[in-house]
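Visitor: Hi, I have a model open and would like to talk through how it is put together. Could you walk me through it?
Guide: Happy to, let's look at it together.

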Amino acid sequence: MRLGVNIDHVATLREARKTTEPDPVTAAMLAEMGGADQVTFHLREDRRHIQNRDARLICEMAQTKVNLEMAATLAMQEIALAMSPDTVTLVPENREEVTTEGGLNLLRESEKYASTVKVLKDGGIKTAAFIGPDPDQIKAAAKLGFDAIEIHTGEYANAARRDSGDTLRAIQDAANAGVKYRLRVHAGHGLTYHNVHPIVLISEIEELNIGHSIIARAVFAGIEQAVSEMVSLMVR
């Protein structure tokens, strides 16, 4: 199982003071040195954290894979084609939210998603859809031509341990459905050092994208160590 480290919150800290540090590009390189298989970041339309400069340099300098999260807009589509990340994960975007909440509804505006997927794939970029563990959404992702799905694990992460059984089963069922439709299966949102283990045991999931928990640990331990600790947990 691959680990993608989301470095958005390094940029969040920088933008709090509108200065030049900490540098998310440096964070991306340190994450790779700590064992990350992929660098993930969300280039939002309002540029609240990651900026174009960050995205461009990470795409140029990363030694592993780069996963760009973005909204399905023409402007973002052009940026993705110019930067050529390995994967684009289409995500919902709301200017009022603190973080991405919920997954895409691929049953609405399906023509828009199909067009975006085609343009990106024609440009040599793999595509993933960030969706909830919903069979209808997974079926739609396959129909629209996505290469992969990223299962939103927020509901599982927010559930108390004693109440997480149903949400965990929903993720397992979604992973099974993804494989059935010949989609690669990724997962992420709200995963931490304390709740990642049951998700790692779902063999159909081949990639996790984790950000806030790793960056929070990095404040005290450093990015390389924080990433290394998560990798060790996943391997065990």
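Visitor: How do H4 and H5 pack, at what angle and how far apart are the axes?
Guide: Helix H4 (residues 74-83) packs against helix H5 (residues 110-122) at about 15°, and their axes are 10 Å apart. Helices (H or I, at least four residues) and strands (E, at least two) are DSSP runs, numbered from the N terminus. Axes are lines fitted to C-alpha atoms, for helices over the stretch in contact, and angles run from 0 to 180 degrees between N-to-C directions. H4 and H5 are therefore roughly parallel to each other; angles under 35 degrees count as roughly parallel, over 145 as roughly antiparallel, 65 to 115 as roughly perpendicular and the rest as oblique.

Visitor: Which residues make the contact?
Guide: Gln77, Ala80 and Leu81 of H4, with Thr116, Val119 and Leu120 of H5. Contact means heavy atoms within 4.5 Å. The residues divide into four nonpolar, two polar and no charged. In that sorting, Ala, Val, Leu, Ile, Met, Phe, Trp, Tyr, Cys and Pro count as nonpolar, Asp, Glu, Lys and Arg as charged, and the others, Gly among them, as polar.

Visitor: Before I go on, what should I know about the model itself?
Guide: This is a predicted model, where local features need pLDDT of at least 70, side-chain atom pairs count only at pLDDT 80 or more, and totals for chains, interfaces and linings use all residues. Residues are numbered from 1 along each chain as its sequence is written, and side-chain values use heavy atoms, with hydrogens and water left out.

Visitor: Thanks! What about H2 and H3, at what angle do they pack?
Guide: About 30°, with the axes of helix H2 (residues 24-33) and helix H3 (residues 52-61) 9 Å apart. H2 and H3 are therefore roughly parallel to each other. On the H2 side, Pro24, Val25, Ala28 and Met29 meet Arg53, Asp54, Leu57, Ile58 and Met61 in H3. That contact has seven nonpolar, no polar and two charged residues.

Visitor: Now the strands. What do they form?
Guide: A closed barrel of eight strands, in the order S1-S2-S3-S4-S5-S6-S7-S8, with parallel pairing. The twist averages 25° from one strand to the next. Two strands pair if DSSP finds at least two bridges between them.

Visitor: How many bridges link S7 and S8?
Guide: Three bridges, in the parallel sense, between strand S7 (residues 184-188) and strand S8 (residues 207-210). Gly188 stands opposite Asn209 in S8.

Visitor: And which strands does H11 touch?
Guide: Helix H11 (residues 223-235) packs on the sheet, touching S1 (2-6) and S8, and its direction makes about 150° with that of S1.

Visitor: Last one: how many helices and strands are there in the protein chain?
Guide: The protein chain has 11 helices and eight strands. Its C-alpha atoms fill a box of roughly 45 × 45 × 35 Å, taken along the principal axes.
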